[in-house]
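Dear colleague,

Please find below the structure that I am handing over to you. My findings follow after it, and I would be grateful if you read them with the model open.

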Amino acid sequence: MNFTRVCLRPFKISDVDDFLLWAGDDEVTRNLRWKTCGSREEALVYLRDVCIPHPWRRSICLDDRSIGFISVRPWSGDERCKADIGYAIAAKYWGQGIVTKVLKIAVPQVFKDFPDLLRLQAFTTVENKASQRVLEKVGFFKEGVLRKYTYLKGDIKDLVVFSFLSTDEIPPGD
């Protein structure tokens, strides 16, 4: 993969058709809290009402075409020291190192954009070994398994929790 063709940027309404290609894929959205987009109209509404106004949601782009996302949800008040990070990418790009690459770009930027942030945390299902490996490559620390922790797509799931602290360093390499 030529990583110079990969970037992160804010979403645009003009991303709708590319967005629908992956956000409309049940395989891609199976580990996400949001439902699979079923139509171009649903995708437009989601882009307009959720992605674009979001405090930190970026499109993962290949040659400026949306192929996935990274989203950070900062907590507030006394909990503003932490934020949750999530991501997904079109199935045809799985296993190519793209998410690892863009997370290595995103993580330092998130700490810069949210100066009170001390802890970035990610959750994956126990079954999602690929996502766990990505987080480990980026330098996230595996803290443990949260048993029967969340309701996801009709099932109660165990989640693995990972953290990256503002004092942690991203390991070199891809």
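Read from the N terminus, the elements of the chain follow the order β-α-α-α-β-β-β-α-β-α-β-β. This amounts to five helices and seven strands. Please keep in mind that the model is predicted.

Regarding overall form, the C-alpha trace spans about 40 × 40 × 35 Å along its principal axes. The radius of gyration of the chain is 16 Å, and a compact globule of 174 residues would have a value near 16 Å, so the two agree. Of the 174 residues, 44% count as buried. Among the contacts with a separation of 6 or more, 61% are accounted for by residues 24 or more positions apart.

Side chains of opposite charge can pair when their charged atoms come close. In this structure there are 15 salt bridges, and I describe several of them here.

Glu 27 is paired with Arg 30, with 2.5 Å between the closest N and O atoms. Glu 27 counts as partly exposed, at 37% relative accessibility, and Arg 30 is likewise partly exposed, at 42%.

Another salt bridge joins Arg 48 to Asp 49, where the closest N and O atoms are 2.7 Å apart. Arg 48 has a relative accessibility of 48% and therefore counts as partly exposed; Asp 49, at 43%, is also partly exposed.

What does the salt bridge between Arg 80 and Asp 116 tie together? The closest N and O atoms of Arg 80 and Asp 116 are 3.3 Å apart. Arg 80 lies in the loop between strand S3 (65-74) and strand S4 (82-89), while Asp 116 lies in the loop between helix H4 (98-113) and strand S5 (119-125), so this pair ties together parts that are 36 residues apart in sequence. Arg 80 is partly exposed, with a relative accessible area of 44%, and Asp 116 is partly exposed at 46% relative accessibility.

Finally, salt bridges can also be followed through a group of residues: Arg 9, Lys 12, Asp 15 and Asp 64 are linked in a network of them.

With kind regards

Terms used:
Residues numbered from 1 in each chain as written. Predicted model: local features only at pLDDT ≥ 70, side-chain atom pairs only at ≥ 80, totals over all residues. Heavy atoms only, no water. Salt bridge = Lys/Arg side-chain N within 4 Å of Asp/Glu carboxyl O. Buried < 20%, exposed > 50% of the residue type's maximum accessible area, 1.4 Å probe, protein only. Helix = DSSP H or I, 4+ residues; strand = E, 2+ residues; numbered from the N terminus. Rg over C-alpha atoms; globule rule 2.2 N^0.38 Å. Contact = heavy atoms within 4.5 Å.
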